[in-house]
Structure formats: structure tokens, C-alpha cells
Amino acid sequence: MRLLLRAIDTLSFLALICAGMILVYAVSHILLETVLRSLFDTSTHVLDEFIGFSVLSITFLSLSWTLRDGGMIQVNLLTNRLPPRGQLWLQGAVATFATSLGTYFCTFLWRNLVKNWNRGAVSESVAEVPLWIPDLIVFVGACLLVLQLAASVIRPHFLDAQEV
């Protein structure tokens with residue numbers, strides 16, 4: 001079980017690294033566009049679309065590690081008043097419910113991905129980006145979040161307090 005939890009954490013961290021690389025790309029593209037427009041009176045003509053895809057990718061790819069690292073906003077108004085065992089039970093119940101909802105959400109993402117793949121759908125810009133590419137990134141990020149939610153249910157029962 002520890003190996004599975006470590007694998008989920010590793011995949012989440014790799015997704016975070018990918019999100020960081022996409023962020024570097026996005027900043028570079030914005031700088032390139034600024035230079036092209038200011039100095040050469042031209043454009044890449046795809047800045048808004050690619051930056052939109054980049055923000056979407058950064059958001060979804062970083063969700064699972066943000067959850068693992070404790071960076072998600074939690075409302076502790078109720079849980080702080082419970083005993084430790086009650087806190088653990090409530091957090092597990094909420095994470096189980098969130099895992100179920102996330103899994104249901106992933107089925108819709110998968111259907112959309114397959115639909116865009118089968119239809120050969122592309123964006124309406126000059127670049128004509130196949131829409132299954134951003135769909136795939138969102139799907140992977142959402143699946144990693146669901147895995148991390150499931151791991152948050154399991155983790156307290158299999159790891160020491162130091163490892164959690």
C-alpha cells in the first residue's frame with residue numbers, strides 16, 4: 001500500500017513539474033508576443049488560445065500536488081471542535097465523497113475527450129489545435145486529483161504520523 005501511495009505522490013509531483021514547465025512556456029510566449037508586436041509589428045496570432053490552454057493545463061496539473069501538500073483551502077470551523085478520531089472520520093468521509101464526485105466528473109471528461117478525438121475537432125484559430133490535446137491534459141489532471149483524494153482516505157490508516 002505504501003508503494004501505491006508513493007506512486008500517486010510521484011505522479012502528482014511529476015504533474016506539478018509539467019505545470020511549472022508550461023508556466024515557463026506561457027511567460028516565454030507572452031514575452032515573445034510583446035517583442036514581436038512592439039519591435040516588428042507582427043504577431044504569433046495564437047497567444048490568447050495557447051495561454052488559455054496553458055492556464056487550464058497549469059490549473060489541472062497542479063491540483064493533485066496542491067492537495068497532497070496541504071495547499072487546498074479547508075474550512076475547519078466544524079472539524080476543529082471534534083476529537084482527533086472524529087476529525088479523521090469526517091475528513092475521510094468528505095474525501096470519499098469528493099473521490100466519488102471526482103470520478104463521476106472524470107467520466108464526462110473522458111467522454112468529451114473521446115468525442116473530440118473521434119470527430120477530429122480542432123480549435124477555431126489559425127493553429128487549429130486538436131481539441132483532444134487540452135482535453136487529455138485536463139483528464140489526466142482530474143484523474144490525478146481523484147487518485148490523491150482516494151489516497152487521502154487511505155493514507156492515515158497505513159502510514160505513520162511522520163509520513164502522512
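Which helix supplies the largest share of the lining of the largest pocket? The structure examined here is a predicted model, in which local features need pLDDT of at least 70 and side-chain atom pairs count only at pLDDT 80 or more, whereas totals for chains, interfaces and linings use all residues. Residues are numbered from 1 along each chain as its sequence is written, and side-chain values use heavy atoms, with hydrogens and water left out.

The largest share of that lining, nine residues, comes from H3, where helices are DSSP runs of H or I with at least four residues, numbered from the N terminus. Helix H2 (47-68), helix H3 (84-119) and helix H4 (132-158) each contribute at least two lining residues. A pocket is an open set of points on a 1 Å grid over the protein atoms alone, where a 1.4 Å probe fits and protein lies on both sides within 12 Å along at least five of seven lines, and its lining residues have an atom within 4 Å of a point. The largest pocket holds about 890 Å³ of space and is lined by 29 residues, with Leu67, Gln74, Gln91, Ala95 and Ser152 nearest its centre.

A search of the whole structure finds zero disulfides, a disulfide being a pair of cysteine sulfur atoms within 2.5 Å. For Cys18, the closest cysteine sulfur, in Cys143, is 15 Å away, which is too far for a bond. Cys106 is likewise in no disulfide, and the nearest cysteine sulfur, that of Cys143, is 3.8 Å away. Cys106 counts as buried (under 20% relative accessible area, with a 1.4 Å probe and protein chains only), because its relative accessibility is 7%.

Notes
Buried < 20%, exposed > 50% of the residue type's maximum accessible area, 1.4 Å probe, protein only. Points joined across faces, edges and corners; volume = space filled by probe spheres on them.
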